[in-house]
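Dear colleague,

Please find below the structure I wished to pass on to you. My notes on it follow directly after.

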Amino acid sequence: MQKQQLFRSTQYLCIEIDRTLQTILSTNDLDEVISLDYGKVLQIPGMPTVVAGVFQWHGEIIWLIDIAYLMGFNPLLSTGYNQEKLRVVKVKYKDNYLGILAQKVGELINIETKNITLLKQKKVNSPVAKFIKGTCTNSEGEKMMIVDIEKIIQYLEKAKK
């Protein structure tokens with residue numbers, strides 16, 4: 001009888017933050033992917049610039065974050081985001097929901113835990129690295145960055161104060 005090695009894997013959703021940056025998000029953080037009409041987003045004056053606005057979804061008000069702008073890229077809504085519908089990844093953190101505006105939402109992939117390298121968060125100066133949990137290699141050998149929802153929420157909570 002042949003022994004089979006079993007590696008724990010986690011499912012991730014591929015998200016294009018900017019045309020130059022591909023990331024993944026654990027499906028453990030994912031609630032749903034929404035295709036939203038631009039007119040449904042209400043912009044709120046005086047909010048941090050990473051907040052694209054709010055929208056109503058199934059009776060709830062959801063904050064919409066421009067993750068590209070948060071990570072140091074041009075804001076998605078001002079750089080020729082030429083799509084009829086906004087691509088929103090709705091995530092859940094504790095008892096809160098947050099909408100993350102993405103350039104593109106891709107496929108679901110499985111990543112083996114052994115292929116994940118967690119980042120050591122000492123003093124990180126890179127706007128991208130501040131919101132990355134770690135890196136991994138997909139089945140094609142490409143490096144991918146794992147978005148850290150907890151760090152994004154912590155940043156937003158500090159920005160509100």
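Ile24 has Ile146 as its bridge partner in β11. Strand β11 (residues 143–147) and β2 pair in the parallel sense, over two bridges; two strands count as paired if DSSP finds at least two bridges between them. Helices (H or I, at least four residues) and strands (E, at least two) are DSSP runs, numbered from the N terminus.

The model is predicted: local features need pLDDT of at least 70 and side-chain atom pairs count only at pLDDT 80 or more, while totals for chains, interfaces and linings use all residues. Residues are numbered from 1 along each chain as its sequence is written, and side-chain values use heavy atoms, with hydrogens and water left out.

β2 also pairs with strand β1 (residues 9–18), here in the antiparallel sense over six bridges. A hairpin of two residues joins β1 to β2, and Asp18 has Leu21 as its bridge partner in β2. Because five of the six residues of strand β2 (residues 21–26) are buried, the strand is largely enclosed by the rest of the structure. Buried means under 20% relative accessible area, exposed over 50%, and partly exposed in between (1.4 Å probe, protein chains only).

Glu60 is partly exposed, at a relative accessible area of 32%. Neighbours within four places in sequence aside, Glu60 is in contact with Phe55, Lys90 and Tyr97, contact meaning heavy atoms within 4.5 Å. Glu60 and Tyr97 are 37 residues apart in sequence, and their C-alpha atoms are 9.1 Å apart in space.

Yours sincerely
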